[in-house]
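Here are my comments on the model you sent. They cover aromatic contacts and pockets.

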Amino acid sequence: MKNKQSGFTLIEIAIVLVIIGLLLGGVLKGQELINSAKVKNLATDFKNIPVYIYGYQDKFRALPGDDAQASSHVSGATNASKPTTCNNAVAPASGNCLGNGLIDGLWTSKTLTDEVQLFWQHVRLAGLAPGPTAGVADYRPTNASGGVIGIQSGSSQATYFPIMDSSSNPIRGTYIVCSDGILGKFAKQLDIQMDDGATDTGSMMAITSGSAFGSKAVAFAAIDDAGTYTVCMGI
């Protein structure tokens with residue numbers, strides 16, 4: 001007498017496949033939501049900077065970081081370290097020219113007495129942004145990817161603009177905001193969401209993390225989704 005062998009029916013297999021499909025769909029949708037939330041946070045970083053600038057100017061009629069009376073305006077603030085000679089015409093090459101209406105220096109500076117660093121201390125002490133105001137090695141905040149965020153004034157000098165476009169023109173803007181350590185796939189989404197969808201032109205551009213100032217931005221098609229980039233935006 002033969003043993004009766006049992007197995008899954010077609011209906012049971014179909015149900016299992018449907019369940020697996022739903023689980024995979026849920027996982028993918030969840031990852032998509034996580035990625036969208038991260039891009040939204042990265043975009044918010046760029047959008048918040050003008051709020052900080054105009055909020056501080058509205059309160060004190062001065063530019064954060066560049067405010068020569070910062071220590072009088074907000075308790076605990078540090079005035080930028082002014083050089084012996086200061087030529088406003090060539091800032092930011094001139095250093096910290098207090099009160100010249102520019103955030104002097106390079107956004108990558110780690111010198112706490114530079115205007116690009118004190119910008120963050122001033123807006124925090126003014127109650128416009130969260131973060132430490134003393135006892136740190138770097139005032140610059142970090143983004144959702146763990147990279148640093150910085151700001152500097154725009155410049156016509158090749159040595160002082162972070163990125164050039166595909167036609168070798170510097171990124172334009174009264175102020176330049178840069179955010180580092182951003183995955184390529186997020187850099188592309190940011191540009192689509194906030195600019196022209198081309199990472200080597202417009203007011204927002206991307207460059208490989210660690211690239212020298214004045215290097216050309218990376219074209220959208222050449223962006224590596226898994227690579228890390230510095231995204232800069234002129235405002």
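Predicted model: local features only at pLDDT ≥ 70, side-chain atom pairs only at ≥ 80, totals over all residues.

1. Aromatic pairs. The search of the whole structure turns up two. Phe119 and Trp120 make an edge-to-face pair. Their ring centres are 5.0 Å apart, with 85 degrees between the planes. The edge-to-face label applies because angles over 60 degrees count as such. Both Phe119 and Trp120 are buried.

2. Largest pocket, size and centre. The largest pocket holds about 180 Å³ of space. Its lining has 16 residues, and those closest to the centre are Trp107, Thr108, Gly210, Ser211 and Thr230.

3. Largest pocket, make-up. By class, the lining of the largest pocket counts eight nonpolar, six polar and two charged residues.

4. Second largest pocket, size and lining. The volume here is about 150 Å³. Trp120 of the aromatic pair also lines the second largest pocket. Other lining residues include Asp45, Asn48, Ile49, Tyr52 and Arg124. Ala129, Pro130, Pro141, Thr142 and Ile149 are also among them.

5. Second largest pocket, make-up. Which elements each supply at least two residues of the lining? They are α1 (10-60) and α3 (115-125). The largest share, four residues, comes from α1. By class, the lining of the second largest pocket has seven nonpolar, two polar and two charged residues.

Terms used:
Residues numbered from 1 in each chain as written. Heavy atoms only, no water. Phe/Tyr/Trp six-rings, centres within 6.5 Å; stacked < 30°, edge-to-face > 60°. Buried < 20%, exposed > 50% of the residue type's maximum accessible area, 1.4 Å probe, protein only. 1 Å grid on protein atoms, 1.4 Å probe; cavity = no way out; pocket = protein on both sides within 12 Å on 5 of 7 lines; lining within 4 Å. Points joined across faces, edges and corners; volume = space filled by probe spheres on them. Nonpolar A, V, L, I, M, F, W, Y, C, P; charged D, E, K, R; others polar.
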